[in-house]
Each structure stands twice: as C-alpha cells, then as structure tokens.
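This briefing is meant for a reader meeting the structure for the first time. It begins with the chain as a whole and then turns to particular helices and residues.

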Amino acid sequence: MAHTSARPPQKPTPDSSRRSEKSRRAIYAAALTLVTEVGYPKTTIEGIAARAGVGKQTIYRWWSSKADVLLEAFIDLSARTAEATARPEVVGKQSPYEIPDTGDLEADLKLVLRAMVDELLDPAFEAPSRALAAEGVVNEQVGREFVGKLLEPQLQQYVKRLRAAQEQGAVRTDIDPRIALELFVSPLAQRWLQFTGPISYEYTDRLVEYALYGLAPRGPAAR
C-alpha cells in the first residue's frame, strides 16, 4: 500500500495589519520621545526610524514629512488621553473631545477644563505638547497645522456647547461663541505655556465663573 507523506504543519500567515499597527505605534512613540528630548528642529525622520526600529522607507510610505508624523502622533496621543478620561457611557459614541450637556453650563465647562488641567500636567502629554507649541510660534506652517488639525476641532466643541446654551437661554444670543470660549480657554493656555502661574482645578473654576458672570458686582450690591 502506498504511503502518502504527511504535509508539514503550515505556519500561520503573518497578520500584516497587526504588524503595520505595531510599527505605526512604535513610530508614534519614537517621534514623541525624540521631540521631547531634542526639540523639533533636531528631530529627524532618520532619528525617528532608528528609535522605532523601522526602515526610513516605512515612514515615508505613510507620511511625507516629520511634521506630519509628529502631528499625527500627537493627535493620537491627545485622543487616547481624552478617551481614557471620558465617562464610560460615552466612550466610542461621540468625539473624545465632546463637552457634556447636562443642562448646567457652568458645571459642564468646569468639568471639561478640569480634565484639560489633568492632561496638561500629564508628563507624557506635556513634554511633546510644549515642544510642538514652541515650534508653532516660530514656524508658521507647523503652527497652522497644529491649530487646524488638533486645536480647532477641540475648540469647535466649546462652540457647539455654547450654542446649545444659547438655545437653552443660558447665554446671551448676541455673543459669538468662538470669541467667548477664549475667555476661559486662552488664559489657561497662556498660564501653562508661559509659566505665569500654577494651573489647578480652582484656577479653571474661577475662569469659568469670571467668563460666565463677568467682573461687575452682582445682586443688590450692583444697584
């Protein structure tokens, strides 16, 4: 009787998508680490590739410049940080930057600004954020991309929440939400960037109160 030779066990086919995702994550981490260590000007595609353990051609297959790599890496970091601090019931159902609408504008704004304080004080977020922000001041192209791809989408969530408050009668209808949001977002950013003072929950709570209620006396004393 003829004997048939047993087929050798087949090796599992490598999952290219998983391998690509692993490489992408390594590149993100390398880019953020390098820009923290040496600054934006000295960060190079070659340095990112070496730190990530990938070929330079792998990076150029996905991105055209180091600015693109860093911005995408930072956007990914920001999104993951936001998702990690989001309420469980909204994870995966809305933008990680979306501001809750509980019907209490003051409480909602205080909540999201407290989350921003946590993010800005997180060493994993703070160091690369400062490096990119500093480069954006002297490099207009990087600054515009940083604002357009990361900052403005987040600011539009404040616009959305303030417009909802206008519809609810909680905010004057004649204000421009895009300008109004800067009353509490911009002071926090300036204090953090320029070290003009500590940032804390108490500080951002006061920003919200001053923005919503102004500086003039309230109640009987105002008469």
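Accessible areas here come from the Shrake-Rupley method with a 1.4 Å probe. On that basis the chain exposes about 13800 Å², of which carbon and sulfur atoms supply 55%. The model is a predicted one, and what follows should be read with that in mind.

**The chain as a whole**

- The chain contains 10 helices and zero strands, and the order of its elements, read from the N terminus, is α-α-α-α-α-α-α-α-α-α.
- Of the 223 residues in the chain, 38% are buried, where buried means under 20% relative accessible area.
- When contacts between residues at least 6 apart in sequence are considered, 62% of them join residues at least 24 apart.

**Helices α5 and α7**

- Two packed helices are described by the angle between their axes and the distance between the axes.
- For helix α5, which covers residues 105–120, and helix α7, the axes come within 11 Å and cross at roughly 170°, and α5 is therefore roughly antiparallel to α7, since angles over 145 degrees count as roughly antiparallel.
- On the α5 side the residues in contact are Leu105, Asp108, Leu109, Val112, Leu113 and Met116, and they meet Tyr158, Arg161, Leu162 and Ala165 in α7.
- Sorted by class, this contact of α5 with α7 has eight nonpolar residues, two charged residues and no polar ones.

**Arginine 163**

- Helix α7 spans residues 140–168 and includes arginine 163.
- Arginine 163 has a relative accessible area of 47% and is therefore partly exposed, because that class lies between the limits of 20% for buried and 50% for exposed.
- Arginine 163 and arginine 178 are 15 residues apart along the chain, and their C-alpha atoms are separated by 9.7 Å.

**Aromatic pairs around phenylalanine 74**

- Rings count as a pair if their centres lie within 6.5 Å, and by this rule there are five aromatic pairs.
- One of them joins phenylalanine 74 and phenylalanine 125, whose ring centres are 5.1 Å apart and whose planes stand at 40°, which makes the pair tilted, because tilted is the class left between under 30 degrees for stacked and over 60 for edge-to-face.
- Phenylalanine 74 belongs to helix α4 (residues 66–85) and phenylalanine 125 to helix α6 (residues 123–138), so this pair ties together parts that are 51 residues apart in sequence.
- Both phenylalanine 74 and phenylalanine 125 are buried.
- Phenylalanine 74 also forms a tilted pair with phenylalanine 146, at 5.8 Å centre to centre and with 40° between the planes.
- Because phenylalanine 74 lies in helix α4 and phenylalanine 146 in helix α7, this pair ties together parts that are 72 residues apart in sequence.
- The relative accessibility of phenylalanine 74 is 1%, so phenylalanine 74 counts as buried, and phenylalanine 146 likewise counts as buried, at 14%.

**Tyr28 and aspartate 76**

- Tyr28, Trp62 and Trp63 together form one aromatic cluster.
- Tyr28 is also touched by aspartate 76, which touches Arg25 as well, not counting residues up to four places away in sequence.
- Aspartate 76 is found in helix α4, and its relative accessibility of 14% is the reason why aspartate 76 counts as buried.

Methods: Residues numbered from 1 in each chain as written. Predicted model: local features only at pLDDT ≥ 70, side-chain atom pairs only at ≥ 80, totals over all residues. Heavy atoms only, no water. Helix = DSSP H or I, 4+ residues; strand = E, 2+ residues; numbered from the N terminus. Buried < 20%, exposed > 50% of the residue type's maximum accessible area, 1.4 Å probe, protein only. Contact = heavy atoms within 4.5 Å. Axes fitted to C-alpha atoms, helices over the stretch in contact; angles between N-to-C directions. Parallel < 35°, antiparallel > 145°, perpendicular 65-115°, else oblique. Nonpolar A, V, L, I, M, F, W, Y, C, P; charged D, E, K, R; others polar. Phe/Tyr/Trp six-rings, centres within 6.5 Å; stacked < 30°, edge-to-face > 60°.
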